Amino acid sequence: MTLQLTDITLTYPDGESRLTALDQVTMTAERGRLTAVVGPSGSGKSSLLAVAATLITPETGQVLLDGTELTRLSARERTRVRREQIGIVFQTSNLIASLTALEQLTVMAHLGGGRLERARDQAMELLDAVGLADQAGRRPHQLSGGQRQRVTIARGLMNDPGLLLVDEPTSALDSERGAAILGLLRRLTLEREVATVMVTHDKDQLAHADDVVEIVDGRARVLEGV
Ligand code: ADP
Ligand code: MG
């Protein structure tokens, strides 16, 4: 699928006035491509993902997912789009301590009302795709930081989303493990033909991206030739 954000403006209350987190942001993310959004801390990256995920409605602008205008949908319809079409790997999407890697994934399908057997097959396939088939029975404390991050990515891909939104996936990892995660994201993006938007503050990671958007103080511009 294709995500098109047009003229997105978002402000937050800030004392007596308002803080502009996103200032007329326009960008596109295409199927089968890893689009990186890079910018310093506080530049609006997480806000941008929250808008794309329909978790926050912007004051102005359009969020088009394959031509459907998401900001015009009812809350209920947005929830359905999010559940069926959008995979979310946010910094706060922690794993549940008591569940195994496999269960972290199957619980997603359960929330969506899917059948458990099919969910288990899909979860195993995804754990295999992220190189964790032999860790399926482990709980978060039995996994390394990189393995946990791979579980959250696999979980984001349950229900076969067309759009995958990823917030700073390597922030808790050393550079070697970080590079492995980025390589994995790129491969899954291609293989599953998902449009992936990954935000990062680390310019070194742009080598793994197909498209790059830079965001500074809530203003975005597309970088050419990276
Ligand atoms: P980034 O992810 O690039 O660090 P954010 O999108 O989290 O940036 O934040 C952009 C700006 O909006 C920052 O100045 C931040 O302090 C502010 N901000 C983010 N979330 C909120 C919120 N819920 N309420 C008020 N201000 C916020
Ligand atoms: Mg952030």
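## A buried glutamate

The side chain of E214 forms a polar contact with the side chain of K203 at 3.0 Å, a polar contact being a pair of N or O atoms within 3.5 Å, where within protein one atom must be able to donate a hydrogen and the other to accept it, and residues adjacent in sequence count only if both atoms are side-chain atoms. The structure is a predicted model, in which local features need pLDDT of at least 70 and side-chain atom pairs count only at pLDDT 80 or more, while totals for chains, interfaces and linings use all residues. Residues are numbered from 1 along each chain as its sequence is written, chains are lettered from A and ligands numbered from 1 in the order in which they are written, and side-chain values use heavy atoms, with hydrogens and water left out.

E214 lies in strand β9, residues 211–216, where strands (E, at least two residues) and helices (H or I, at least four) are DSSP runs numbered from the N terminus. E214 counts as buried because its relative accessibility is 11%, the limit for buried being under 20% relative accessible area with a 1.4 Å probe and protein chains only. Beyond residues up to four places away in sequence, E214 touches V38, K203, R219, A220, R221 and L223, contact meaning heavy atoms within 4.5 Å.

## The surroundings of ligand 1

Around ligand 1 are Y12, L19, A21, P40, S41, G42, S43, G44, K45, S46 and S47, each with a heavy atom within 4 Å of the ligand. Oxygen atoms of ligand 1 lie 3.1 Å from a backbone N or O atom of G44, 2.8 Å from a polar side-chain atom of K45 and 2.9 Å from a polar backbone atom of S46. Taken alone, ligand 1 exposes 560 Å², of which the protein buries 59%, with areas from the Shrake-Rupley method and a 1.4 Å probe.

## Nonpolar cores

The largest nonpolar core has 37 residues, and L105 and L127 have the most contacts inside it; such a core is a set of buried Ala, Val, Leu, Ile, Met, Phe, Trp, Tyr and Cys residues joined through side-chain atoms within 4.5 Å. At least two residues of this core come from each of β3 (34–38), α3 (101–111), α4 (116–129), α5 (145–156), β7 (163–167) and α6 (175–191). A second, separate core of 29 residues includes L22, M27, L49 and L65.

How values were computed
Buried means under 20% relative accessible area, exposed over 50%, partly exposed in between (1.4 Å probe, protein chains only).
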